[in-house]
Each structure stands twice: as structure tokens, then as C-alpha cells.
Amino acid sequence: MYKLVLASRYLYRRRISFLALAAVALCVFIVVVVMTVMDGLVGDFKRKNHNYTGDCVVGTESLVGFTYYEDFARIAEKADYVEAVTPVIKSYVLVGAESSSRNIGAELMGVDAAGFSRVTGFGQTLHYHKNDPSKAFNIKGDANLPGFVIGVDMWIGRNEKGEYYYDPSPAATALSVTCFPLTAKGALAKAGTDMANTKTFYFSDCSQSGLARVDGAVIYLPFDEAQVLCGMTEPAKRASWIHIKFKQGTNIEEGCQKIRQMWGKFYDEHKGKDNAELLSQVSVQGWKEHRRESIAGMEKEQAMLMMMFGLVGLTTVFIVYVVFYMIISHKTKDIGILKSIGASCGDVIVLFLGFAAGLGVIGSAVGVAGGMLFLWNINRIEGWLFERFGFQLWDRTIYAIGEIPHRLDLTMLVVVTGCAILACLAGAVLPSVGAARARPADVLQVSQL
Amino acid sequence: MSKGEFIIEAQGVYKSYRMGTAQVQVLKGADIAVKKGEFVAIVGASGSGKSTLLHILGALDRPDKGVVRFEGRDLNGMGGGELNEYRNKMIGFVFQFYHLLDELNVLENVILPAMVPAGVFGWMSKRTGVKKRGLELLKAVGLEERATHKPYQLSGGERQRAAIGRALINEPRLLLADEPTGNLDSATGNGILELLERLNRAGQTIVMVTHDERVAKRAGRTITLADGKVK
């Protein structure tokens, strides 16, 4: 009982305890804020990549694509764990305004708007056709004109708050799209001055996936039109990828494994057929694997951040160690007195570890409370800083990030608090053991006082 | 005198300390025996080993050689837990510099030895009784008005009286006092000695270390320590 009383008195009656408490609170505050923001960014980035891809893809990075995709899509669609399947053409094109000779390179996605929206979050990325994504390529006023959907950053600008300047009545602006069709063997399908396919498409919508590399580089065309442009109709119809969405509750890894088995069987059945040589290049990937180039960088940054916070934790341990070393060196008399009245070495250790645990609990509670308060207001604070001083964490005219993530993860809070308490205990162990080993006759000597 | 009469006895106690590179022999075969109810003063010059002998009697230190028996039991044969219990229940220590804990008030300092062996629940059950005894002791040493004061708010004499109260809270069989008046003026020191005499008259066994012959005369018996041995 006296250990509890003394530990609490040491905690709130000694100024140096408040310094240690402030150090713990500050470390916890920093970790909670940065982890929440970073986790939010990484989680958001992964969600957007998942939305963009669907659960699983079957296909090839080759611009030639692969044959028999319709047959496999039909088989996959029948599986009880598959919700929807859609083929996609992926290639590279030149796009330019009809009135200008200038053009830019872009990534082409040939999609069936309705099917692609069922498999991915494509429909929700549209601005004008969000309610009916099946009509994403329809032009208002003229249903016969071929439409295009374009990554929002290729089409319109943003203000400093990250809001796009959408035109409420957009014009059906024409863009010429040029592609070099390839044969099934990867050679140019045409020769001479007519080696490229060019067709004019009209603006129908913008897609805002939230992925900078997609919104700033991708133009979406109707699947059939894209297939023709890329020369993927002869000698047999080809597609680049088949995107698959699993039914709710299906484990993505398990679903992908089943699709792999399904593809293996399909490949064995088709490998001798006409134009089947392209099937050997096909792979089955989960969405994370498919988007690994984008996600890996973020995950590396997150891992580095974790490592840095490990160092912050070590700093906390060191601070607590120094504080306890100082406190205990000022408390040798107390230790001698306690031992002279029958306290054991274990009692002394428990007393100072209790003190450390109290420091950890209160310090991390203050840090977590401060972190929560800061995170709840982080966007308001950033808005105020922007209005007053023009400061933004990210330039919204450049980065596809809206609000600063501030959703708290309870598990993370529990882990951070636990680590802070452990760090305090770790920092206090050596000084406490040293104190416990002190001999009362030595520390109570007149010359030691 | 039969063996059973002694509450504490030390035989052939040796103790040395390392001071820098030199080994200093403080006790060189000291013998002492104290009967129940005695008030014994140990006197000697500075550095004669008085405090060292007292620390060994109170199990705050271990002898290099020799035997210390408390009520016939050899302290050398006691384990760590038994020695803690011995220091807590059998012995009450009074130091020259009072050694009160600054974070606790006077009453809390006095009842601290009673709190040491108690767990949270054990303390809950005996708290009221212990506090009552603590207040009685404070009244006995004339500090009943100072119960909630902090040590720094007390005079030297009051602090020493509080330290005596703390030494008595567990009703120890032996009170060890190390220069209890050494840090006090003569009037205040006299008050402390009167308190010790009163306790002794009530049956408390006391062993007091002092370098002052006038203080020693207040005890019932004086033992002189010189050159590490009892003369």
C-alpha cells in the first residue's frame, strides 16, 4: 500500500516527474498523430487501388493481349464465388485536340462501362454519370457520337482547396485518339503512312479515382472501340486483362487461388488451339499484386516510419532512464529508510516501477488525448493556417489528397499506449534494480547525506 | 546471567570497509550483550565503530565475522525475508538526521512501518487501528497538533520525536538510536532523552549510540568502544 502512496507522491510532488511526463506525452502525441495520418493515407491509397482494380485480374502486361478471353470470362462468371467479370483493353495512345497539331501520350483503358462499374469503383469516380455509369460514354444530345471518359487531372484544374472546376454543362469537346495497332505477334499491324489508327471521340465524363497516376494519365474508351483502335480484333479477338469481383465474404487470396486453378485448367484445354500461344503469358494476380508498383512505395514509407517511431520509442526509454536515474540518485536516503523499516529489494523495485507505470499511464493518456484533440481539428487547423499564412500540408493543386486523414484506430491507440508504458518500465528497470541493491548502512551514513 | 536474559548479543564481531585502496578495520572482535528492559549507551570516539555496531545489531549491515543473536536466534542464519521482518517488527531505528520521508506528512511517516508488510486489502482492514495508534504515539511524543504537517515544517526536535514515533509504531522489542541528540541543541536534546527515559521506564529496551558522555550518563549502562573493541 505504501508503494502506491509513495509512487503517486513522487509522481505529482516532484517537478522532474512532470518533465518525464511531458516527454512521454509528447512522444505519444507525435506517434498517434503521424501514425493516424500515415495509416489514413496508406489505407486510403490501398482502397483507391482496390476500387480501381477489382479483386482479381487475369491477363498480361503485353500490349498484344491474349485470346479466348470471352470463353474464360463466361466460365469465371459461373463460379459461385464470382460476382462480376469484365474484360479490359490496356494500351498507350496519343491524344490531341482536333483543332491542334499538338498531342500527348496517355494510357488507354478500353472498358465496358456497365461491366467495369460492376467489378470496380469506376462508376463512383464519374462526375456526370455517377447515377448511371452504364451510360458513361453517352454524349448528351447525340447518342451516336463515340464518347470518352478522361482522368480528371488531364481535363480540368483544381483550386487550392483541391476542388475541381466542373462545368455544369460540359461541351462535347472532340479529341483525336491515335494508336499503333499490333498483330498477335507484337509487330505493327499496318505499314506506310497509314500505320496508326486514329479516331475522334467526344467528351462525355471525367473520372476521379483519387490516384494521381491514373487521373493524370488515363483515357477510357468503349471496349469495342479500343479493341479496334489497338488492332485486337484480328485474327482473333484479344483483351489485355479480365477484371473480376468476388462475392461478398469471399477471401480475396482464396478467390485468386481458385481463379488460378481455373485458369490452369482453361489453359490446358486451349493450349493446342489456334492463336492460343498468347495464353502462356497470362498470369492471375490479386489486386495488391497487380498494383504493387504503386503500393510498394507507400508501404516502404510506412515501414520506414515505423522504424523511425521505434527510435522515438528508444528515445522515450532513454529519457525515462535519465529521469529515473536522477530521481533515484536524489532518493537514496528514502531507499535506505524504507529498507531500515523492513522494505525488501522487491518492494523498492515495485515502488519505482509503479512510479514508472504511473508516469507511462498518465503521460500516454495526456498524449492520446492531445493527439485525438489535434486530429479532430487537424483539417480546421490546416484551413486556418492556409487562410492566415497560406500554409498547406499538401498543395491541393498538385496532390490528389482531399482531407488530411484523421480517423482514429482504437487498436493503434491501445498499442501505442501499451508501448509507452512498457518504454517507461524499461527505462526505469535499471535504476530501480540499482536502487534495490543499495545497502541501507551505506546510504544512511552521515557522509552520504 | 543466563543466555535467555539477553534480548540481543554480539560476539566477536569484525567489520571492515574499503576506503579507496585501503581496507579499514572498524570492528575488531566487539562483544556486547543487552538484557530486556535495559537502556544501554554505547560511547566512543568518532570512528570507533559505534554506528557500525548499531547497524549490525539492527541488521542494516552484516558482520565480516562474528555472531549476532536476537532473542537467541542467529541473525546470520536468517534469510532476506526474515531479516526484513526483523527490521520491521523487532527493531525500531532512530537516526541522527531523523530520516523522515519528505513526501509524507508526520502521521504518514509514523505509520509507514505498519504499512510496509501490508498489502492493499490487508491495509484496508487495519488502517483505522494503525492510524489510531499513530495518533496516540504522536500525542505521547507531543506532536498531536502536527499530524498533517510535512517534515520541513517541523523543528529538529519535533522531527526527531516524529522519528521516535515511527520507530515505535510496530511495538518493537528493541529500539536502536544512533546519536539521537547529535543534531539538536542541548535543551531539545534533553527533551528527546527524557522521552527515551520515559519509554525505558515503560519497559522499552533501548540501545543508544552517542559520543557525548553527558548523554550517555542518562542511560542505565554505558559500554565504551575503542579501537574496534568493547573496553
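These legends go with close-up views of a predicted model.

**View 1. An open sheet of four strands in chain B.** Strands of a sheet pair through backbone hydrogen bonds, either parallel or antiparallel. Here the pairing is antiparallel, and the strand order is β2-β1-β4-β5. Look for the edges at β2 (22-35) and β5 (73-74) of chain B. Each of these edge strands pairs on one side only. Helix α1 (residues 50-57) of chain B packs on the sheet. This helix touches β1, β2 and β4 of chain B. The direction of α1 makes about 125 degrees with that of β1(B).

**View 2. Strand β1 (residues 6-19) of chain B beside β4(B).** How many bridges join β1(B) to β4(B)? There are five, and the two strands run antiparallel. Pick out B:Ile8 and then its bridge partner in β4(B), B:Phe70. In a regular strand the side chains alternate between the two faces of the sheet.

**View 3. Strand β9 (residues 221-226) of chain B and the strands it pairs with, β3(B) and β10(B).** Strand β3 (residues 39-44) of chain B runs parallel to β9(B). Five bridges join β3(B) and β9(B). B:Gly44 has B:Leu225 in β9(B) as its bridge partner. Strand β10 (residues 229-230) of chain B runs antiparallel to β9(B), with two bridges between them. There, B:Ala226 stands opposite B:Lys229. The hairpin of β9(B) and β10(B) has two residues between the strands. Within this hairpin, B:Asp227 takes a positive phi near 55 degrees.

**View 4. Helices α5 (residues 156-168) and α6 (residues 186-201) of chain B pack together.** Two packed helices are described by the angle between their axes and the distance between the axes. For α5(B) and α6(B), the angle is about 20 degrees and the axes are 9 Å apart. Angles under 35 degrees count as roughly parallel, so α5(B) and α6(B) are roughly parallel to each other. Their crossing is right-handed. From α5(B) come B:Gly156, B:Gly157, B:Gln160, B:Arg161 and B:Ile164. They meet B:Thr188, B:Gly191, B:Ile192 and B:Leu195 in α6(B). By class, the contact has three nonpolar, five polar and one charged residues.

**View 5. The buried residues of helix α2 (residues 80-90) of chain B.** Which residues of α2(B) are buried? They are B:Asn84, B:Arg87, B:Asn88 and B:Met90. Their cover includes elements of chain B: β4 (65-70), β6 (91-94), α3 (106-115) and β7 (174-178). Chain A takes part too, through α12 (332-340).

Terms used
Residues numbered from 1 in each chain as written. Chains lettered and ligands numbered in written order. Predicted model: local features only at pLDDT ≥ 70, side-chain atom pairs only at ≥ 80, totals over all residues. Buried ≥ 20, exposed ≤ 12 C-beta atoms within 10 Å, placed from the backbone. Contact = placed C-beta atoms within 7 Å. Pairing = 2+ DSSP bridges. Axes fitted to C-alpha atoms, helices over the stretch in contact; angles between N-to-C directions. Parallel < 35°, antiparallel > 145°, perpendicular 65-115°, else oblique. Left-handed = near helix turned anticlockwise from the far one by under 90°. Nonpolar A, V, L, I, M, F, W, Y, C, P; charged D, E, K, R; others polar.
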